[in-house]
Amino acid sequence: KKCHPISTVNIEGVEEKIWRIRQGDLRLCFVYLPPEKRIIILTLLVKKSDKLKPSEEQALQFLAKSVLTDDIKTFAQRIL
């Protein structure tokens with residue numbers, strides 16, 4: 001229950017999962033960047049409840065879609 005999918009985003013007909021790791025009041029949200037399955041951290045939330053607000057879920061989906069559809073070379077250059 002500490003690590004599980006909390007949402008999905010549709011990328012060109014493929015459902016990609018958005019994952020969450022929970023520790024106390026902290027929620028670390030991430031996706032796996034295919035094909036190497038790199039972990040890309042989307043955000044860290046401080047929450048008292050497990051349920052996402054609709055605005056939080058929309059923001060996560062937007063970030064996930066941006067990361068997953070970005071060109072991997074361009075992304076690698078930006079993080080270096």
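In this predicted model, 4 strands, β1 to β4, form an open sheet in the order β1-β2-β3-β4 with antiparallel pairing, where strands (E, at least two residues) and helices (H or I, at least four residues) are DSSP runs numbered from the N terminus, and two strands pair if DSSP finds at least two bridges between them. Because β1 and β4 stand at the edges with a single partner strand each, one side of each is left without a neighbour in the sheet. Neighbouring strands of this sheet are turned by 25 degrees against each other on average, direction ignored, with axes taken as lines fitted to C-alpha atoms (for helices over the stretch in contact) and angles running from 0 to 180 degrees between N-to-C directions. Strands of a sheet pair through backbone hydrogen bonds, either parallel or antiparallel. The antiparallel strands β3 and β4 are joined by 8 bridges, and Arg 27 stands opposite Leu 45 in β4. Helix α1 lies across β1, β2, β3 and β4 and runs at about 65 degrees to β1.

Residues are numbered from 1 along each chain as its sequence is written, and local features need pLDDT of at least 70, side-chain atom pairs count only at pLDDT 80 or more, and totals for chains, interfaces and linings use all residues. Side-chain values use heavy atoms, with hydrogens and water left out.

Within strand β1 (residues 3–11) lies Pro 5, which counts as partly exposed because its relative accessibility is 35%; buried here means under 20% relative accessible area, exposed over 50%, and partly exposed in between (1.4 Å probe, protein chains only). Not counting residues up to four places away in sequence, Pro 5 touches Lys 17, Ile 18 and Trp 19, contact being defined as heavy atoms within 4.5 Å. The C-alpha atoms of Pro 5 and Arg 20 are separated by 6.0 Å, although these residues are 15 apart along the chain.

The structure holds 2 salt bridges, each defined as a side-chain nitrogen of Lys or Arg within 4 Å of a carboxyl oxygen of Asp or Glu. Asp 25 forms a salt bridge with Lys 48, with the closest N and O atoms 2.9 Å apart. This pair links distant parts of the chain, 23 residues apart, with Asp 25 in the loop between β2 (14–23) and β3 (26–33) and Lys 48 in the loop between β4 (38–46) and α1 (54–69). Asp 25 counts as partly exposed at 32% relative accessibility, whereas Lys 48 is exposed, with a relative accessible area of 76%. Lys 47 forms a salt bridge with Glu 56, where the closest N and O atoms are 3.1 Å apart, and both Lys 47 and Glu 56 are buried.
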